[in-house]
Amino acid sequence: MLDVRRLRLLRELARRGTIAAVAEALSFSPSAVSQQLGVLEREAGLPLLERTGRRVRLTPAGQNLVRHAEAVLERLEQADADLAEARGGLAGALRIGAFPTATRAIVPAALVALARRHPGLEPMVCETDPAAVAHALRAGDLDVALVHSYDFVPAEREPGLTTEPLYGEAMYLAEPAGGRPGAPGTPGAPGAPGAPAAEAGRPPVGGLPQPPPAPDQDAVLRAHARSPWITATPGTLCHTMTTRACQAAGFTPRVRHQVDEFATVLALVAAGQGVAVVPQLGVAGPADPAVHLTRLVMQRRTGLAFRSGAGTHPAVAAFGAALRAAVPPDLAGSRAEA
């Protein structure tokens with residue numbers, strides 16, 4: 001009889017490629033992972049792995065067993081959901097991953113509604129970059145998570161996970177209100193006089209109309225081909241989005257600052273330190289007259305991710321319903337899959 005815990009290890013190895021990575025993700029020692037996979041091979045009665053340098057490659061039999069493991073693990077999630085439904089009354093921890101803008105703008109209202117309807121449930125929010133969500137969900141560190149994708153960074157299908165669309169956001173080019181970033185006398189640049197009011201102000205959140213996007217996004221970005229840019233840190237989806245959007249416009253951005261928090265990004269833009277591409281929730285709030293915003297054609301799409309089979313779990317379903325009720329109307333209009 002195959003052991004489901006060892007099947008989970010094999011599935012993780014198929015995704016991560018090395019025993020060390022599996023061990024680190026699941027809090028095992030590498031020797032323990034190797035030992036358990038060896039036992040699984042003996043249970044299967046034929047080789048499942050072949051080593052190529054430091055990496056381990058699955059044999060055809062191993063790859064086939066991973067496909068069966070995905071199905072088994074999904075059925076186990078469904079069984080857990082059915083048992084939770086039969087017990088009635090939600091209680092216990094619900095581990096939630098969320099990225100910063102959603103944590104600030106959407107999640108608090110959802111948690112308030114969740115507490116009113118299910119006071120025994122204990123939601124636990126952990127800020128998690130969407131790039132790290134898949135491993136955290138499969139490892140069991142999270143139960144549910146908000147993830148996002150961009151037009152230039154589409155979401156990849158993650159085995160063992162399901163994603164449901166939540167909302168879409170407009171994207172904006174943020175630039176100093178007075179002209180070229182860093183130019184002497186530029187409003188908002190160090191030592192410059194006060195900037196005039198930005199024409200675009202702040203994009204609305206809460207059902208107010210959105211300004212139309214710029215007719216030529218590439219031209220808007222290309223106008224800053226020689227400007228310094230502010231991007232997120234490498235390895236994040238936000239960093240990849242800015243790089244690919246600029247490359248599609250015909251240039252590679254000259255990155256001066258790497259910052260993940262959008263309020264800080266906008267403060268640097270206001271100081272004349274560069275330009276940046278930011279999502280709607282990242283710029284919502286009181287208008288800064290030193291920052292000019294131009295709406296772009298591209299969008300960011302947010303979805304709710306969980307382990308396949310767990311969508312009917314009462315806690316996951318309740319959190320999803322609370323999130324959808326908390327989404328501002330001007331975000332809820334875009335339901336394209338995240």
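**A lined cavity and a helix crossing**

Helix α9 supplies the largest share of the lining of the largest cavity, namely four residues. The model is predicted, with local features needing pLDDT of at least 70 and side-chain atom pairs counting only at pLDDT 80 or more, while totals for chains, interfaces and linings use all residues. Residues are numbered from 1 along each chain as its sequence is written, and side-chain values use heavy atoms, leaving out hydrogens and water.

One cavity of 30 Å³ or more is found in the structure; a cavity is a set of points on a 1 Å grid over the protein atoms alone where a 1.4 Å probe fits but cannot get out, and lining residues have an atom within 4 Å of a point. Of its 13 lining residues, I230, T231, A232, F262 and V277 are the closest to the centre. Two or more lining residues come from each of β7 (228-231), α9 (237-248), α10 (262-270) and β9 (276-279), where helices (H or I, at least four residues) and strands (E, at least two) are DSSP runs numbered from the N terminus.

Turning to helix packing, α6 (residues 107-117) and α12 (residues 314-326) pack at an angle of about 125 degrees, with their axes 8 Å apart. The two helices are therefore oblique to each other; angles under 35 degrees count as roughly parallel, over 145 as roughly antiparallel, 65 to 115 as roughly perpendicular and the rest as oblique. The contact (heavy atoms within 4.5 Å) involves V107, A109, A110, L111, A113 and L114 of α6 together with A318, F319, A322, L323 and A326 of α12.

Definitions and conventions
1 Å grid on protein atoms, 1.4 Å probe; cavity = no way out; pocket = protein on both sides within 12 Å on 5 of 7 lines; lining within 4 Å. Points joined across faces, edges and corners; volume = space filled by probe spheres on them. Axes fitted to C-alpha atoms, helices over the stretch in contact; angles between N-to-C directions.
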